Amino acid sequence: MSFGVSRKETQQPAPPSTGHNRNLIAVVPSMATAHRLRLNPNTEHKPESYEGLQLEFNPLLFSSLERYLPPPMLSLSRDSKLHYMRDIVLRYSPDGERTRVQRHREYRQKIISHYQLLHRELYTMNASNFFVPSFLKAINDNKEEGFRSIMAEPTPGVFTFEMFQPRFCELLLSEVENFEKWVHETKFRIMRPNTMNKFGAVLDDFGLETMLDKLMEDFIRPISKVFYSDMGGSTLDSHHGFVVEYGIHRDVELGFHVDDSEVTLNVCLGKQFSGGDLFFRGVRCDKHVNTETRSDEILDYSHVPGSAVLHRGRHRHGARATTSGHRCNLLLWCRSSVFRELRKYQKDFSSWCGECQREKKERQRVSIAATKQELLKREGKPAT
């Protein structure tokens, strides 16, 4: 299986920025009252479904948060649990953020009310029509060895694999083009995916949110649970889904940055293009995001239509210039509100930050050396 991956030294990129977007990141703090959330989830509890309710936040957020409710609350009605969890979220969301969320809901509703869907089969998850058989089999088996059998891991934590059928890529490209045409004809002002991309569209905004929720929940979370447990991979509960476009009269390249996600799915949809390679330069926490890249962290990846790249959002990366043609990619930023809350209280990120790992090993080396010197001194032997 060829993924066009190469390891080669390139010019050290500029320090990364954080790829923010305009969506609210629902972060759920622990309550500062007598009723506190559990520190660890109740893995045996099956959460309620909050789909179909008029909520300010993603329904998956509440399903995920429910596992952390105090034990006496788990037997209460869904409405009671929802009221309790919603109060937590709203209590810690600034008024300005709540207003912005409401405005975005109104903006999204306006689009959905007027935009005529082109390919309705895209808007519900039809796994057998979307995915290649090898990927679908690995998901159904749901075992690490099955995932690894279809994946390459050219550098630790970056996985590449065949994912989407050509027909799905064609339909999604066609739908995006139809949406862009509607935007142009109606002179509707749309929000772009993030502050770094000036072209592309947010798929959630014109009706694909439910399908992408299923993509994250049923197909990305099982993989993330195995390979990204240190980044909240088992508790992914919200997403930001969008398409970016590169080429002439579009974005050309993407600067060195980290994503506003715990886990990022990046799939090339096509079309004909040259250039546009991704480059990866190591995983870093906030403290070390601008530190130097070590030689073993350098990876360049050439896009293959239909093939996916899965990586930690904190894995520093960028995209080189697309030198000809038109390249379009699907991005799914997967987030865990639980991980983001717990991260506030963590001081050790050596389980995933490359620089934290290096510093920890250096401290251990110094400590061992000092202990050895002390033992030699006690035995009257010369220090080495």
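Author: A cavity is a set of points on a 1 Å grid over the protein atoms alone where a 1.4 Å probe fits but cannot get out. Grid points are joined across faces, edges and corners, and a volume is the space filled by probe spheres set on the points. The model is predicted: local features need pLDDT of at least 70, side-chain atom pairs need 80 or more, and totals for chains, interfaces and linings use all residues. Residues are numbered from 1 along each chain as its sequence is written, and side-chain values use heavy atoms, without hydrogens and water.

Reader: How much space lies in the largest cavity?

Author: The search of the whole structure finds two cavities of 30 Å³ or more. The space in the largest is about 170 Å³.

Reader: Which strand gives the most to the lining of the largest cavity?

Author: Lining residues have an atom within 4 Å of a point, and strands are DSSP runs (E, at least two residues) numbered from the N terminus. At least two lining residues come from each of β6 (238-247), β7 (254-259), β13 (315-319) and β14 (322-335). With four residues, the one that gives the most is β14.

Reader: Are α1 and α2 roughly parallel or roughly perpendicular to each other?

Author: Helices are DSSP runs too (H or I, at least four residues), and their axes are lines fitted to C-alpha atoms over the stretch in contact, with angles from 0 to 180 degrees between N-to-C directions. The axes of α1 (residues 59-66) and α2 (residues 78-91) come within 10 Å and cross at roughly 105°. Angles of 65 to 115 degrees count as roughly perpendicular, under 35 as roughly parallel, over 145 as roughly antiparallel and the rest as oblique. The two helices are therefore roughly perpendicular.

Note on methods. 1 Å grid on protein atoms, 1.4 Å probe; cavity = no way out; pocket = protein on both sides within 12 Å on 5 of 7 lines; lining within 4 Å.
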